[in-house]
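Subject: Structure for your review

Dear colleague,

Please find below the structure that I am handing over to you.

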Amino acid sequence: MSQMITIELNGKQQPLPSGSAVSDLLKIIGADGKNVAIVVNEQIIRPENRPAHFLQEGDRVELLIFAGGG
Amino acid sequence: MDFLQLGSYTFSSRLILGTGKFSNATVMLEAVRASGAQLVTVALRRFNREQPEDDLLGPLSAIEGITLMPNTSGASTAAEAVRAAHIARELSGSPFIKVEIHPNPQHLMPDPIETYEAARILAKEGFLVMPYITADPVLAKRLEEVGCASVMPLGSAIGSGQGVATAAMIDIIIRESGIPVIVDAGLRSPSEAAHAMEMGCGAVLVNSAVAVAGNPPEMAEAFAEAVAAGRKAFHAGLMPKSGSAIATSPLTAFLGAKE
């Protein structure tokens with residue numbers, strides 16, 4: 001069993017296997033990586049950096065999409 | 001051909017469509033197609049795994065000829081708007097940003113001070129800044145001076161359907177402006193959009209009037225026609241107004257009238 005960490009995802013606690021990268025998080029929650037913006041601790045993580053950006057205990061992650069708006 | 005010029009971008013359509021408040025995404029996409037809009041607004045929202053269908057980037061990208069203009073709705077300070085703009089640009093790949101900063105949900109009036117500050121920063125960073133503002137000619141000029149691509153004064157409160165209640169101020173803004181003036185918010189009917197275009201607006205931005213219409217795609221088309229007609233009328237030049245009647249038919253030499 002791998003160890004678990006807890007991050008804050010869109011304001012809610014999210015358990016995650018230790019050593020997960022941002023790209024792993026997207027797979028786990030079923031988000032289409034092409035259509036989401038990801039901000040980790042106020043820093044935008046571009047698609048090319050997601051496989052190498054590893055999440056740490058307590059990281060604050062925002063996952064954003066485009067929805068309807070005027 | 002008569003194009004709307006925003007930065008280095010040219011658009012043949014002068015109707016900008018918002019994507020909020022539609023009953024569902026299918027109807028929204030139909031309305032976007034029917035409107036012929038080439039610039040379409042979207043808003044940033046948190047991803048919700050229970051509602052993956054809320055994502056509009058995929059379906060909107062599939063429509064040819066659409067450029068996205070994300071807004072900064074939800075921001076109540078310049079710093080928040082700048083942050084939202086950076087995130088939005090990552091997603092959209094578009095340089096357009098509608099700066100929308102309204103701290104009070106009761107009336108949704110834009111904060112002129114925070115809007116000016118956010119616009120100044122974002123224009124410097126190379127964004128094509130489209131600020132949503134109150135119809136204030138002084139603020140509009142200041143925003144032009146810091147490099148905004150357009151100014152977007154409100155016709156009336158967002159979603160109110162009260163039309164172009166600020167027409168006298170918008171008239172001054174148009175007269176003074178070297179960048180396109182776009183009436184944003186408050187329009188209810190295509191005739192109001194035509195009126196704004198006849199006044200010399202560069203475009204109009206419509207959302208609620210289409211989204212909550214009985215038949216949104218049909219209303220989108222009606223707005224497109226009204227915007228085109230209004231623009232053509234502006235181009236043709238409206239006749240001057242007169243305080244008294246000026247006959248269109250001859251009033252003399254009729255049935256033996258004495259000359």
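The notes below treat the interface between the chains and then a pair of packed helices.

Please bear in mind that this is a predicted model.

I begin with the interface. On the chain A side, 24 residues are in contact with 30 residues of chain B. Between chain A and chain B an area of about 2300 Å² is buried, and carbon and sulfur atoms give 60% of that area. Within chain A, the residues that lose the most area to chain B are A:Ile65, A:Phe66 and A:Gly70, which together account for 34% of what that side buries. The rule also finds 3 salt bridges across the interface of chain A and chain B. There is a salt bridge between the side chains of B:Arg46 and A:Glu62, at 2.7 Å from N to O.

I turn now to the helices. Two packed helices are described by the angle between their axes and the distance between the axes. In chain B, helix 3 (residues 78-92) packs against helix 4 (residues 112-124) at an angle of about 40°, and their axes are 8 Å apart. Helix 3 of chain B and helix 4 of chain B are therefore classed as oblique to each other. Their crossing is right-handed. Helix 3 of chain B contributes B:Ala78, B:Ala81, B:Val82, B:Ala85 and B:His86 to the contact, while helix 4 of chain B contributes B:Glu114, B:Glu117, B:Ala118, B:Ile121 and B:Leu122. Of the residues in this contact, 7 are nonpolar, 1 is polar and 2 are charged.

Yours sincerely

Conventions:
Residues numbered from 1 in each chain as written. Chains lettered and ligands numbered in written order. Predicted model: local features only at pLDDT ≥ 70, side-chain atom pairs only at ≥ 80, totals over all residues. Heavy atoms only, no water. Axes fitted to C-alpha atoms, helices over the stretch in contact; angles between N-to-C directions. Helix = DSSP H or I, 4+ residues; strand = E, 2+ residues; numbered from the N terminus. Parallel < 35°, antiparallel > 145°, perpendicular 65-115°, else oblique. Left-handed = near helix turned anticlockwise from the far one by under 90°. Contact = heavy atoms within 4.5 Å. Nonpolar A, V, L, I, M, F, W, Y, C, P; charged D, E, K, R; others polar. Buried area = accessible area lost by both parts, 1.4 Å probe. Salt bridge = Lys/Arg side-chain N within 4 Å of Asp/Glu carboxyl O.
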